[in-house]
Structure formats: structure tokens, C-alpha cells
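Please read the points below with the model open beside you, and look up each residue as it comes up.

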Amino acid sequence: MLVVRAIQATDLDALYVMATQVGSGMTTLKPDMKMMGDRVAIAVASFAETIPPEQRDYMFVMEDTDTGRLAGVCAIKGAVGLTEPFYNYRIGTLVHSSRELEVFTRMDTLYLSNDLTGSTELCSLFLHPDYRTGNNGKLLSKSRFLFIAQFPHLFTEKLIAEMRGYQEESGRSPFYEGLGRHFFKMEFDHVDALTAVGKKSFIAELMPRQPLYVAYLPDDAQEVIGKVHISTAPARRLLEQEGMYFEGYVDIFDAGPVLQARVSELRALRDSTLADIGPTTDWDSACAPESSGEPVLVSNTTLKDFRMILSQAIPVNGAIALPEAEQQLLHCHSGDSVRTLTLNPRKNNG
Amino acid sequence: MLVVRAIQATDLDALYVMATQVGSGMTTLKPDMKMMGDRVAIAVASFAETIPPEQRDYMFVMEDTDTGRLAGVCAIKGAVGLTEPFYNYRIGTLVHSSRELEVFTRMDTLYLSNDLTGSTELCSLFLHPDYRTGNNGKLLSKSRFLFIAQFPHLFTEKLIAEMRGYQEESGRSPFYEGLGRHFFKMEFDHVDALTAVGKKSFIAELMPRQPLYVAYLPDDAQEVIGKVHISTAPARRLLEQEGMYFEGYVDIFDAGPVLQARVSELRALRDSTLADIGPTTDWDSACAPESSGEPVLVSNTTLKDFRMILSQAIPVNGAIALPEAEQQLLHCHSGDSVRTLTLNPRKNNG
Amino acid sequence: MYVVRPVELADIAALEALAAVPMPGVHTLPKTREKIRAMVELSIASFGAHVDIPSEEGYLLVLESQDRHIVGTAAMFAAAGSNGTYFSFRNDVIQQVSRDLNISHSVHALTLCSELTGYSQLSSFYVGEREHGTPEAALLSRARLMFAVLAPHRFSDRFFVPLAGVTDSEGGSPFWDALGRKFFKMDFLDAERTIGGARNRTLIVELMPHYPVYVPLLPGDAQAAMGQIHPSGELAFNLLTAEGFEADDYIDIFDGGPILQAHKNSLRTYTGALQRRVATSVDTPDRGREPQLRYAVSSGSEHDFRAVITHCPALDSQLSVALSVEVQEALHVAEGDTVICVRI
Amino acid sequence: MYVVRPVELADIAALEALAAVPMPGVHTLPKTREKIRAMVELSIASFGAHVDIPSEEGYLLVLESQDRHIVGTAAMFAAAGSNGTYFSFRNDVIQQVSRDLNISHSVHALTLCSELTGYSQLSSFYVGEREHGTPEAALLSRARLMFAVLAPHRFSDRFFVPLAGVTDSEGGSPFWDALGRKFFKMDFLDAERTIGGARNRTLIVELMPHYPVYVPLLPGDAQAAMGQIHPSGELAFNLLTAEGFEADDYIDIFDGGPILQAHKNSLRTYTGALQRRVATSVDTPDRGREPQLRYAVSSGSEHDFRAVITHCPALDSQLSVALSVEVQEALHVAEGDTVICVRI
């Protein structure tokens, strides 16, 4: 069985092993024992609430309870950009219009901004290739939304997720070649590596400060603005199902989209419900929406020992008949409250 | 009884009479027979779908069917800024940080933008003082959301509403005095009047083009950014209930907020339901959420003859027992479909 | 002897003939009889006007050959954009330094600016094929500044001269294609026709980019065209840079052609102008005893301005200049009058 | 006779005494013995260096009185910001015209720029109370440019001079309070201390505004301080503007003080410098027969530069200048050597 749970200090070695299996492109999970140790320590302090909310970094691991092996990892950063500036390009519109000439030109523009400063960030998602089947990816990615729905007071209003931008098969980033290279005069991978290790002051020093008209860029650079890397497309779809949208912010190097949501508008906040573990009555079941065998995310309600599984049980009018084995995975007992959310969004009945 | 309905060419005289009763501050409903006639003609063409969606301007009047008198008006513009540039200030964030000095300064900035170009706009709301009681204001304002929910394909993804900005009792606009006056060198009322009559090219000519740090403005100008005029606060609350948010765009003259929403995320789109007019069964009623005497917006589903009322009937599992009188107001009959939405949002059951 | 003098009504037909010579760019003579007449009338009114502050005056000088043909033109406008603003791109160089990365380089950017508004503008310089490269061509170009030395209140302290940029064989401009076209949505020649060559129109601020254009983002051919002159402008360019004009600060917003500019104190005509009294030279056989230098000489009257070339010994330490009777007649001056002399 | 000469190691103590005199602003002498020594050593190395392209050289001249006291200092830096960029605010004037509304006005904006990078910088001008307003003060200021005339390869074609801006009685700066403080979050004096008076540091681009500051939005006292000099800088200001420097284009990013700048061709020292051979003057009783003019004279050697004031008849049409033996000794020149002379 797979359980997604708050990381613990003892997970460090297993995490390191997994990080060695992450390819390039994920910049936040480098197999560096020192960096990783620091990060796990912060995560443990975050769940223990011994550091302030904006410094927290909630890391979750997916554990295969049959083998004790780690199958994946993901995280929620309390707030970005409060110690190092967090840069994005924001896509805006400028209209150039002359009544005299009857010219009306609508131009896209890129503004270098720190607008997302202070947002909560979903990041560091990695699922081991051995586990890339069935609903595992969804379970891992969406676990974070259920966590936020259970503890919304820990988060700022704005939630973001940076998506890896489009690259050609050769690894060439058309956006970087069309824009960044002229100012940084180095290879994309090098820039990427510098930002990964936190060396970001060069951005302020070298990046053009003035708004840019997109029309100045080469066509291939224009076309990939807001487009994700082909391997990131499924992750993007999962987040969009949960109510996250591309609102016009992109990465300054590869123009990958930033997905955003108001925490209060997330599907998890609108549709997740609390239920007590216990039997459901016939009467309740009769009025319940038809069961379609739709799996449900179920979590306990404990911050320090947050755990979540995927279940076939259906919550009905505030009760859920959770099998004993699943209760154990959640460290719960009959009568405890759990939070539930259907794995997939329901279609609008409009 | 009050019915909100699509405007008709024959409403022009009554509309003119009402416009003479609008105070200053509403710039889109001036008692000018020529302008008003043009606008009604466009509205009629809009409901008849004889002009393209982006040129449409759906105007609704609230009619007191007891007297035949017009009690209010409101409108939805299909798309703004496609013939004249539509300007706003967007509030952004820039972080100025120096590790060397350990200085980290987060600055708000104002960007002159046309970002909202092409958005659908809610506008021209006016309720006659004689009718400012009970739920009349809500009915009038919210009628537009039910219309959008019924005909979402007619609208762009983005919905906006400009709110009148803060003014002192004397009529002084601290934001205009702190910023615009330096560039326009004329009185606020004069600027306001110019924009009302569509003379907007002076904005491009005179407005500072470069991003501005808010910190440069006088304190009283900074404080009112995004604040509504005291008389506009109730209207703002109504729109916020429907899922519209202040997302950082403000008016360039008085810094009044623009409320925004994705059409697909509006309460009306999520929660409104279709129901057939007819009796509801006991069984249905038994499973229905407890009736709290909560009034319900009910509209017909006809674009050309759109009509809407407030009812006490409750839709249950796709049926609604609408009294005969109300069916007549909607130009509906038993068996017809109507769209329904509770007047007030339900609390989250989280 | 060639004489530079203000244009007269009688010159209109001759100017029309000159205007028929194909010339690129917008900084040349007007093309239609109507516009030529307007320019001539403006010039006559301007020379005749009493001026306190430079404003909408425009002055047109012509170069008249020995046989009384008009073989060149050169104009001055007292204050560019005086009925609006004069727009140009300023060449900005942004220094970029990252100590962390040990990187240091500069980025070239173009900023739409109106700094040249109020400068005096030189334009419409043209000489015929035969006069190309002659001292008379230099006289014509420089006579404008000699008039400005004579009547400083009629001009700004700063001058600029826009020169036509490069165009391809179809009249297209690679600079325009990369920039203006994206905003105007029309061809270069159409755009120039539409705005009548003006650089002071409201529609420029409505349509042209509000933010700096980073040059590295422009296509190679557009970058190459920046600050490049059309071959027809080389003579003017050489004369003006020799005069002290500098070409690096501004370029034209449409075709990227160079805009030369200078403070008057940097111009050789200003620093080298000598006021001297007229004496009559005697044509003696031992004229060669002192080395003869070439001077541009202009009459000292605002309202009857004329300039010619003459040769005489160095004037630096002289109080007077010896001019032949012929030269005196050409300048409309007599012994004892003051003239302005500059080495040429 | 007062002599201007390069600083020597033996001058350090005297400079320290001068530095103890309270002077506002950051463009004056360094304050600590250590920094004074560094400056002196840099100057000695720079005068001694073989220079192809102006770079990090700094030159310090001193004014020595008759009794061999050091009563003034003046410095030049070959290329400002050569180890980074030199930041300043450029005064931009944005013309605004609306034909519809019949409105036309201009808006003043300040743009952070690095255009002065690579210019040669004059600074640290100081003369004692007694020499204020004397020709010797003018000599000291101008001697820097005479050296530049002598050794043009050591300097840029353009020069600038930052002058201290106005501060209140507590050392606060109204300009800083309206601008820099909002980004640096510290007092003016703290900020100046922190960056050591430099205008070339990375942290400036990190912290200072990236976008133009519209001047009408600044409080009145900050606007009033823009381009205003501290009273202590008036002498330098008057000498430099008389020289041909212009004050309107740039101001300091911290205190808003004026930055004077000029192309060398606009400077009187450049346009008026005469190279003359040294002759020995004879002190005759009829010395008064020709009007005596005042000249600054400097030796013609890059590696032993000295300058004094002398009086002699107009040199314009002379090939040589007659100098007394005393002056020749002060300049370390002899008959037949070349010197540079400028009216002063």
C-alpha cells in the first residue's frame, strides 16, 4: 500500500538514494547530502511548527508500506522570495492606437517582476519510475491540496507552481536563446545551475529591466512562452484540475508557465469534506450521489503526523466506512475525523 | 412585482427619464438622447445576435410590472478596449535587495497597462432611489451573473467590473491630486468628463509611461489605492459574493479597484442549475437541503427575451414548482426549463 | 564665383528642377511645387522677421554658380518640433556588471526621446554632381552656421542634422521592418508618406514603443542599419563631422539613420569665426609673398546674408581682411563693413 | 609664486592637515591617513606610468604657496567607474503634447544611467580660505585640463565633475530622503559611509530605482535640492562653468548635487591652449608698452608637470613666450622648451 506522509529526519538516506535517480530539470532536489539534510531539518521543524509559517517547507514522501521504500516526494514552500528576490516575467498587454491612422496594435509585453513574492509554492514533485502507474502520480501531486484544505490558516492567499518550460529534443530552449543569452552570454544549463544553488543576484545585475515587447523576440521564442516541457504536461494537467491557472507569469529563463490559484478557490477547499470513521446508514447511502467506483483521497487531520491514502470508501453525510487496514495507514481509529476529496473533479451539473 | 429583462427599443424614453436622476460618478449613463439611443440600439442588436459577440452590449432593465415603470438598469459589455485603448494601473511588486548591505526592500509599483483589453465588463448599474429596499439591489446586480451562466459561450474568459474610487467628502480624489494632476494639469471632474465622452487619446499622450514606485506618492494617495468610493462599497460586496476579486488593477485617475473573475469560476457558473417548471415529488423534497426561506434567482433560457425574477420556490432534483404568476413574468410555461441560483451564496460546509 | 544666398521667389522653378533629382530620405527638399513655394515663403519671411526667441522660422540657402544657376540647397530650422516635439531614438549604453559571475559587458538600447526638441535643425543639404567635394559644397554647408554665428538669437545653442538611413533596392528599410512596422503595421515608404516625413506628430507617441528597444534583440540587418547613412548622405556626413558634429548619440526613429548633433561651442565655425573689417585687396604680382589661405567669408548683415570663398593671408592676427572688389560686390559689402571669416 | 605640481609622498602630512578641515560631500579629499597615502601613491604611479588607454589612473595635483605650503588640491581620474560603472541620474525632459486638449508641457524625469562611465572625472578640488577667488585657484582647477591637453591619451574626450549637493544642518539630504532612503532604508550619512562615496557599486543597481523618477512627484524640498550645490562648491562651480562645463544634464544619485560635464572641444583650455617656445624675458622699464595679459603656463612634459601664472603680451600671433628665469625654474623648463599657455 502507498501512503503519503510528512517527512521525518530518518528519511534522509532513502531520500538521497532517490535523488540520485532524478534527471536534470528538477533543480530543487539535487543529490547533495548537506543541502538535503538542511532541507529535511526545515521540513521536520515545519510540521512541528517550531519555525514561523513563512519559513516553512512541508515535504511529503510517498512510502510503499509493503517494502518500506520511498516511492516519491513533493513539497509545499510556505512563502517564496522573502530572502532572495523571486523573479518572473509577467505577460501584459499594451495597445498602441492612433485614431488618425486607424491603426490599433495590441502588443504583448514582458515585465520583469517580483509580484509573486510571498506566495506559497508547490514544488519538488518526484515519483520514482518504478511507481509511475495507475493513480500514484495523482495521489502524490494532489496530496498537497488536501493538506492545504486541512490547514488553510498556514498558507497565504496565493498558491503557485512553477512548471519547467519548453525545450527542444536537443535540450535547446528557444526562449533562452532568443532573450536571456543576449544578456547572460552563457549556456542555459549554466544559468539553470546557478539559480539552483541560490546564486540569483546576477539576475538583478544582468537582466534587462525595462518592459519588453514580445514582438521583438524571434518567432520560435515567442511561440514557447507559457508552454511546458513535454515531460511536464501531465503534471500541469493535474494542477489545472485542482483549480490552478496560468495567469500570465512565466520563468525568466525558459518561459515555463507559473500556475496560480487563490487558496480559497481550490477544488480541495471547496469540495473536500470532513467525515467521521464509522458505518454509514442505508438512508444516507440512498441519498448519496451514485457511486461510480471513483477513488477518494483520505487524510488524517494531524499536522505533525500528516498521512494520506487513496481509498474506495465513500463519505456519506459526514461518515465514512474506512477499512481497518486503511485506518492503520492513517494512524486513525473509528470515530476520528478524516478529510476526504474525490481524486478526480466531478463534472459540473450545469 | 419586479422583473429584470432584456432592454427593448421602446424603453428609451423611460431610460432617459431615469438617467436624469443619476448623480455624478456614473459616467456611462448620461442623459443624452443621442448617446442613449445609440446604446439601446446596440443592446437590442446584441440580444438579437445581429452583431458579433465582442461588439455587444447587453443592457437589462428592471421593470415594476405593477406600474410599468423602470426601476433600474444594468449592463454587460461583450469586450472592452477593442476600439479605444482601455487603460488601468496594475499594481506589481519589485524587490530591491542587496546581500552585501542586508537590505531587502519590497516596493509596490504601478504599471500603466492595457492588460484587460478584450474582457467582458459589468457596468452601468443604477437602481432608482425609490426602489432601494430589500433584495432589489441584489436582484438587479446579480441578474447579470445568471445571464452569463445561461449563455457562457457569449463571453470571454475574463469578467471585470470597474468600481468608483475613493473620494473625500469634498469630492477631492487624493490619488488624482497625488499623481494625475501633475501630468494633466486640470481638475479631476474635467478629466472624468473627457473620458466619459470617449476622448481618451490624451491618456496615451500625457500619462507617464514608465512604471512608478508607489512610495513616491503622497501618503494619502498611497492609502486609497484600490479603495472604493463610500457609496460603492455595497456594490463591491455583492460582486465579491459572486466570486469577483480585486486582483491589483485600479483606475488610472482615482485608483478605484477593478474586480475580476474567470467566467468559469463564478458562483453562478458553479452553482446555478437548470430546472423544469412543474411539481416536485415528496421524495425529492425529503433529500433536498433544508429550506431556509432563502430566495432564489430564476430566469428563463431565452436570449432574445431574457427575463429574471426573485422567487421563493426551491428547485429540487431538476424540478421547480414555480407559481403561475411568476411563470408569466418569465414568459414561461409548465415544462419549460429555467435557470436557478440562490440569491446568497451558501456557506462552505468544510 | 559661387555665392551662397537666401532663396528668393524667383528660384522656385530652379528648385523644382532640383527636386526632380531622385533623393532618398525625408530630410531633403520638398518635392511638390506647392511645398517648395511654402518653404521659400517661410524662408523669406524668416530672414525678414525680427526674432527674439527661435521658434518656427525656417531658412533656406541656395548655392549659385558663376553662371547664376542654382546648384545646391541647404536649410536650417530655428527650433525642431516647435509645433510639437521632435522624436528620435537615443543610443543608450547600459553597463552590466556582475561581480559574482565576474561578467561585465554593455548593452545597447534605443530609447524614444524628445531631447532634440528645440534644437536648431539643419537639413535639405544638396549640391549638384559637379560641385561634389568642392570647397563650394563645404561653403554651402557651413554658411548655415556662419549665419547662426551672425544671428545667435535666431538659433538654439545646440544643432542637429538627420541624415537619410540605408534602404534596400525596393525602398524598404531593414530597421523599419524590425521596429516601426510592428507598431505601424505598414511599409516604410507608406509610413513616411503618411506622416509626411515629420518627426513631431502625436501619432508617433501613440504608436512607437514606450520602452527601450534592446538592440541585441533586433535582427542582424536592422542592427547593421543603425546609424548607417544612405550613400547619398556621405558628403554631408563628412562635412558635418569635420565641422565638429558627433554621430553617436541619436538615430532616426524610422530608418535608423544617424542624427548628428553638437553644442555650438564644439563647432569649428563657432570657435574659428573671426570678425574682420573689409579692406580692398590690390592684385599685386607679389601676392604670393605670404601663404594664401582659403576662407569662407560672409556678410555681417542678418537681413542680407551672403557668403563666398576667398583666399588671403592668415587672419588670426589681423584686424581687417582684404577682399577683392568682386568679392565685396558678391557679398554686398563695402570697405569698412564687418564680415565673418572662417578657414575652410 | 604659487606652483601647481603633482603630489609627492612628502606631502602626506600636509594633506592630512587639509583633510581635517570639514568639507561636505564625497567628492573631496579622503579623510584618513591610510586613504590619503593610497591616493598619493596612485597619483605617483599614474604620472609615472606609460598609458595607452585611460584606465584606473588617478592624478592628484597640489597648489604650493610662495612659502612652500600646500594650500590646495585637485584630482583627475582617467576613467570613472573603470572597475564597474559610474552611476548618475540623467535629467530627462519628456515633452507632452495633446492636440485634442491643446495641452503642451514638459515633464522632468530622472533616469538612473551609467553614461558617465569611462568619462574622465575631476574631483577633490579644494583651496584654502586665503586663495579663494584668486587667479591661483583658477590655475589649480585649470591645470588639470592643461595636463589633459598635454597628454590626451591619458584621458577621455569627455570630462565630468560631481559637486557636493545641499545638506541640512544635521547632514541630512532632502533629496536622499525623498529617493534613496526609500530603497536603502538608511540615513544619508550612513549610506555614504556604507558605500564609501563610490558611485560604481553593484549594490547601486540592486537597490536604486530601475525606472525614471518623475520629478513632479518628489516633495518640494527634494525638487529644490536637485542640481543645487553646497555653498562650499561655489568656487569650483564658477571656475568650471567659466571653463565651458555644463550643469544641466546629470545629477548625483545620492544628494542630487550637480554633475558638470563637457566634451573637451567645448572647454576653453582645449580651444585656447597655445603651444609656445620658451624665451627669457628681460625685465625692462618699458615693460608696459604692450598690454600685459595673464596666462596659465605649464611645462610640456608629461612626467614633470608643473603650472604657474605669468603675465606677458598676447601670445596669439607669437611663436614664443617670454618667461622670467624664476618662472622657468618653477616650471622646470629652459629656453627652447615647449610650454602650454592659456589665458586665465
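This is a predicted model: local features need pLDDT of at least 70, side-chain atom pairs count only at pLDDT 80 or more; totals for chains, interfaces and linings use all residues.

1. R154(C) forms a salt bridge with E302(C), and the closest N and O atoms of the two are 2.8 Å apart. E302(C), for its part, counts as partly exposed, because its relative accessibility is 21% and the buried class ends under 20%.

2. Where do E302(C) and R154(C) lie in chain C? E302(C) is in the loop between strand 12 (293-299) and strand 13 (307-312), while R154(C) is in the loop between helix 3 (135-150) and strand 7 (158-162), so the pair ties together parts that are 148 residues apart in sequence.

3. The next pair to examine consists of D115(B) and R90(A), whose side chains meet in a salt bridge at 2.8 Å, N to O. D115(B) counts as buried at 8% relative accessibility, and R90(A) counts as buried at 3%.

4. Within chain B, the side chains of R181(B) and E187(B) meet in a salt bridge of 2.9 Å, N to O. R181(B) is partly exposed, with a relative accessible area of 23%, and E187(B) is likewise partly exposed, with 48%.

5. Salt bridges can also be linked into a network, as they are for R90(C), D92(C), E115(C), R90(D), D92(D) and E115(D). Over all chains, a search of the whole structure finds 76 salt bridges.

6. How many salt bridges are there between chain B and chain C? The count is 0, although the rule does find 2 residue pairs in polar contact across that interface. Here 8 residues of chain B are in contact with 7 residues of chain C, and the area buried between the two chains is about 620 Å², of which carbon and sulfur atoms give 44%. On the chain B side, E205(B), R209(B) and Q210(B) lose the most area to chain C, together 60% of what that side buries.

7. Finally, please look at the surface of chain A, where Y16(A), V17(A) and M33(A) form a nonpolar patch with about 240 Å² of accessible area together. M33(A) is found in helix 2 (residues 33-47) and is partly exposed, with a relative accessible area of 35%.

Definitions and conventions
Residues are numbered from 1 along each chain as its sequence is written. Chains are lettered from A and ligands numbered from 1 in the order in which they are written. Side-chain values use heavy atoms; hydrogens and water are left out. Patches are made of residues with over 30% relative accessible area and no salt bridge: like charges are joined within 9 Å, nonpolar side chains (Val, Leu, Ile, Met, Phe, Trp, Tyr) within 5 Å. Accessible areas come from the Shrake-Rupley method with a 1.4 Å probe; for residues, only the protein chains shown count as cover. A salt bridge is a side-chain nitrogen of Lys or Arg within 4 Å of a carboxyl oxygen of Asp or Glu. Helices (H or I, at least four residues) and strands (E, at least two) are DSSP runs, numbered from the N terminus. Buried means under 20% relative accessible area, exposed over 50%, partly exposed in between (1.4 Å probe, protein chains only). Contact means heavy atoms within 4.5 Å. Buried area is the accessible area (1.4 Å probe) that two parts lose on being put together, summed over both. A polar contact is a pair of N or O atoms within 3.5 Å; within protein, one must be able to donate a hydrogen and the other to accept it, and residues adjacent in sequence count only if both atoms are side-chain atoms.
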